[in-house]
Amino acid sequence: MANNKTTPQNQQHLTAQPDLPSGQLFYALLPLLLCVTLNGCSKSDAEDLWLDYHSRLQRMLALPELDAQLAAVPELPQVRTLYKPLPDSKLNLLDLVVLRRCGLQQLVAERNNSLGKTMTVANQLGYELQLISQLKPCLQHPELDADLQQKLQQIYLEKQQQLPGVLANFLLTDQTLRQQLHGSQRGIKSGVSITTTLTALAQLGDLQDKVQKADLAALTTTDAAFINQQVGALYQSQILADWQYSLRVNNSWLSALNAQLDTVDLDLFCKQPQVKDKTEILNNILLQQFIGKIQPRLAELDGMSQQLQPALNRIYQQSPIATVLYQRTEAQHQALKQQLSHHVAWWQRLQQHCQFKIAAKTGES
């Protein structure tokens, strides 16, 4: 019974592919701004929104052109460093003939034909699960001699011990999963559903739990078709890949804008002639552009992140790529929230500086 090793190089994809706001209104909106994060628009939508917002601030604050560099993240480790070959378990030809009596001969033959020798890691996992399930009734089959039963018993135990490694090879080196974990060059479109992605991740998480608990009875119905169905759902939706890009692109634009705003001398700005009119224009930009156009997309990505991150962590938090995934997803989400708080704090400082200057100039108390 050959457990021919499937190298990562042999893997192939099986799945297709308004009025001016008053100071009171501004401060009433601050808690709302602080409790949400930026939504991932499509690439062009996100850039257009930030460019429009920046251009309006630029005219009022004499800001330079904005050069937003996509936040750098570490690359996933190479497949060859993650894939762990497993030892073969072999039966001779006479054994294979005898195994017809307990229904194993066809399954073993499938593994040893030309297609079986180039199984994807997803198919290999499905095969190993089915082999373990079908091996058990052979262990005490009355038509198999004691020597063969003992040999099958040893293989049965070996397959159980190897199963976590087979699962790890799948989760870490399957090309479709890696494409999702690597990310894309487009953002999530507003309003897209993530239900299918969450369901697929939950199914893979359940599978991992069963393997780790060696719950063989619960794994009897899991085969390659089921596993490829979950991988296919992730491939079709592209949510995991696009979500990462949305986090990074919004993070890069907001951090670049914040860096420019931090260079503005608010004392000097608030001493300018007609500062009251200028602050009202700035407040109008805040209301119409940031709160009116960017904010409606803010909560969506945060909500997605709060659902996708735990589902992803459930599968990969204890894996060799956990640190890299954290930098590519959760760290980006946290950085984005920090940048948003920083941005709101800048608007607070602007209001406080200019209100004080205006009051001092007009003699208001």
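Colleague: Which residues lie nearest the centre of the second largest pocket?

Modeller: Leu171, Gln208, Gln212, Ile315 and Ser319, out of 15 lining residues. A pocket is an open set of points on a 1 Å grid, for a 1.4 Å probe, with protein on both sides within 12 Å along at least five of seven lines, and lining residues have an atom within 4 Å of a point. This is a predicted model, where local features need pLDDT of at least 70 and side-chain atom pairs 80 or more, while totals for chains, interfaces and linings use all residues. Residues are numbered from 1 along each chain, and side-chain values use heavy atoms, without hydrogens or water.

Colleague: How much space lies in that pocket?

Modeller: About 200 Å³, counted as the space filled by probe spheres set on the points.

Colleague: Which element gives the most to its lining?

Modeller: α7, with five residues. The elements giving two or more residues are α7 (146-173), α9 (195-212) and α14 (298-316). Helices here are DSSP runs of H or I with at least four residues, numbered from the N terminus.

Colleague: And how do the lining residues divide?

Modeller: Eight are nonpolar, six polar and one charged. Asp, Glu, Lys and Arg count as charged, Ala, Val, Leu, Ile, Met, Phe, Trp, Tyr, Cys and Pro as nonpolar, and the others as polar.

Colleague: Back to α7. At what angle do α6 and α7 pack?

Modeller: About 155°, with the axes of α6 (residues 121-135) and α7 9 Å apart. Axes are lines fitted to C-alpha atoms over the stretch in contact, and angles run from 0 to 180 degrees between N-to-C directions. That makes α6 roughly antiparallel to α7; the label needs over 145 degrees, under 35 is roughly parallel, 65 to 115 roughly perpendicular and the rest oblique.

Colleague: Which residues make the contact?

Modeller: Among them are Leu125, Leu129 and Ile132 of α6 and Leu152, Tyr156 and Leu163 of α7. Contact means heavy atoms within 4.5 Å. By class there are 14 nonpolar, four polar and two charged residues.

Colleague: How do α7 and α8 pack?

Modeller: At about 45°, with axes 6 Å apart, so α7 is oblique to α8. Phe170, Leu171, Leu172 and Thr173 of α7 meet Gln175, Leu177 and Arg178 of α8.

Colleague: Are α8 and α11 parallel or antiparallel?

Modeller: Roughly parallel. Helix α8 (residues 175-182) and helix α11 (residues 239-261) pack at about 20°, with axes 6 Å apart. Gln179, Gln180, Leu181 and His182 of α8 touch Ile239, Leu240, Ala241 and Gln244 of α11. Four of those residues are nonpolar, four polar and none charged.
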